[in-house]
Amino acid sequence: MKLNKHFEYEGKRYAFLSDDSRELDSETLFVKTKTNAQFMPQHTAFIDAQNLNHIFTRIPKIIGITGTNGKTTTATLIYFALLEMGYTAALLGTRGMFKNKVQIKPKGLTTPCVLELYADMDMASDCEFIVMEVSSHALHQERIAGLKFVAKVLTNITSDHLDYHKTLSEYIRVKNSFFVDGNLKIINADESNAHFNPKNAYTYGITKPANLKVLDYTFNPRMSAKICFDEKCFWLESKLYGLHNLYNLLAALTTLKAILPDTPINHLAQILARFEGVEGRMEIISQNPLIIIDFAHTKDGMQQIFESFKSKPIVVVFGAGGDRDKSKRKEMGACAYQYARKIYITSDNPRSEDPQSIIDDILEGIPNSADKSIFCDIDRKKSIHNAITNLTSDEILLVLGKGDECTQIFKDTTIHFSDKEVILDSLMRIKHQ
């Protein structure tokens, strides 16, 4: 990446920054990173990525959220509350980049490469806060080099991305590496894989002792939880579904209280109660029949969704991403078999893999003598339509894995594809039959 940025460094004027050695010239300063250091030409002037904050000096207060699941919702909750309170704020993550309610960048990597990330910080330089998702890949590749965080948040740590990290223990280590410094930390006390120094840490939880502690909660007819913070108890209400979203709300509420200590916590809770949800995350597409889409693409993510609706007969449509962690496919199949009445296994983003081979991997988690209705079809649109066509009035349909994505990626092509659009089209076709 080559970035237009006029500046002076070590007594010389430059017009550009680049992390690509092929783009270097007399006006371009090379940005040395963990991943490109081996390609740096000898005797080349460079700036280490850790020192980019000397050039990008107007960086907002950064709140970083990491975790296997819940990053997007937690980050959006914090961003929403800051805007509601009159702060200027930006949001950066899986859904793209937003600034004061306006999307300014499309979807991309959860956490961009280091130079692009600093360019994003530059675009948000007139904001007071930026809330960003921090992926395990970004942590390992040091994409956040040199950035100073006012708060670092952990949602949870469950198995994912083992295609990259190779072992669960290494994945856990990388996630926890985000919290080794003395920054303010907000930690899920119920997460057994969380390892951190308790100094300068705030915790939240439901089952374990924590600074923000849930005493009681219900999801019928809507989420309501009795919560205590510093011996002050109050009720937290929300329009969101599920136990996992209660954890997301707790993470956001604890973070907001930690960075805005003078704001009464019950006032912060009242603001979060107005939050309508994140597109593609537990998003209700239809009330009758009840159809919900979500981004869940791991066993743990699926289980959290299923647990939210275990009182209802569940029908699920899902697949697994190609060229990604294969070890989770069998677990996803087993999880669906445990909770769902009808299972439609289909394609997600197959990428370079054979779609049928991915389905076969998922089927390994389902007993051969399965006593449930199981349907397999690589055509995701057809699978969703068939699931809706055969849905009974008492069932809930969960379409999982892609959330608000609007493309489907194959080996040689990428097509427009939206679960939401397919669902609405199917409902319309059924209505006019």
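In this structure, 18 residues of domain 2 are in contact with 20 residues of domain 3 (contact means heavy atoms within 4.5 Å). The model is predicted: local features need pLDDT of at least 70, side-chain atom pairs count only at pLDDT 80 or more, and totals for chains, interfaces and linings use all residues. Residues are numbered from 1 along each chain as its sequence is written, and side-chain values use heavy atoms, with hydrogens and water left out.

**Domain layout**

- The protein chain is divided into domain 1 (1-52), domain 2 (59-271) and domain 3 (281-430); these bounds come from an automatic or database domain assignment.
- Between the C-alpha centres of domain 2 and domain 3 there is a distance of 27 Å.

**The interface of domain 2 and domain 3**

- The size of an interface is often given as the accessible area lost when the parts come together.
- About 1,400 Å² is buried between domain 2 and domain 3, and carbon and sulfur atoms give 51% of this area. Buried area is the accessible area (1.4 Å probe) that two parts lose on being put together, summed over both.
- Lys107, Tyr241 and His244 supply 37% of the area that domain 2 buries against domain 3, more than any other three residues.
- Two salt bridges are counted between domain 2 and domain 3; a salt bridge is a side-chain nitrogen of Lys or Arg within 4 Å of a carboxyl oxygen of Asp or Glu.
- Four residue pairs are in polar contact between domain 2 and domain 3, with both residues at pLDDT 80 or more. A polar contact is a pair of N or O atoms within 3.5 Å; within protein, one must be able to donate a hydrogen and the other to accept it, and residues adjacent in sequence count only if both atoms are side-chain atoms.
- On the side of domain 2 that touches domain 3, helix 1 (71-84), helix 4 (162-165) and helix 6 (243-259) each supply at least two residues. Helix 6 gives the most to this side, with three residues. Helices (H or I, at least four residues) and strands (E, at least two) are DSSP runs, numbered from the N terminus.
- The residues of this side of domain 2 divide into three nonpolar, eleven polar and four charged. Ala, Val, Leu, Ile, Met, Phe, Trp, Tyr, Cys and Pro count as nonpolar, Asp, Glu, Lys and Arg as charged, and the others, Gly among them, as polar.

- Arg95 lies in the loop between strand 6 (89-93) and strand 7 (96-99).
- Arg95 has a relative accessible area of 15% and is therefore buried; buried means under 20% relative accessible area, exposed over 50%, and partly exposed in between (1.4 Å probe, protein chains only).
- Beyond its neighbours within four places in sequence, Arg95 is in contact with residues including Thr72, Gln103, Lys107, Glu279, Arg281 and Asp404.
- A network of salt bridges links Arg95, Lys107, Arg281 and Asp404.
- Within this topic, Lys107 and Asp404 meet through their side chains in a salt bridge (3.5 Å, N to O).

**Other salt bridges**

- The whole structure holds 25 salt bridges.
- Asp122 and Lys5 form one of 3.4 Å, N to O. Asp122 lies in helix 2 (residues 114-123) and Lys5 in strand 1 (residues 2-9), so this pair ties together parts that are 117 residues apart in sequence.
- Asp122 is partly exposed, with a relative accessible area of 33%, whereas Lys5 counts as buried at 17% relative accessibility.
- In the salt bridge of Lys105 with Asp120, the closest N and O atoms are 3.0 Å apart. Both Lys105 and Asp120 are buried.
- Lys326 and Glu353 pair at 3.9 Å, N to O, in a salt bridge. Lys326 is exposed, with a relative accessible area of 52%, while Glu353 counts as buried at 13% relative accessibility.

- Ile55, in the loop between strand 4 (46-48) and strand 5 (61-66), is buried, with a relative accessible area of 12%.
- Leaving aside neighbours within four places in sequence, Ile55 is in contact with Lys5, Phe7, Leu17 and Ile47.
- Buried residues of helix 9 include Met332, Cys335, Ala336 and Tyr337. The buried residues of helix 9 pack against helix 8 (299-308), strand 18, strand 19 and helix 10.
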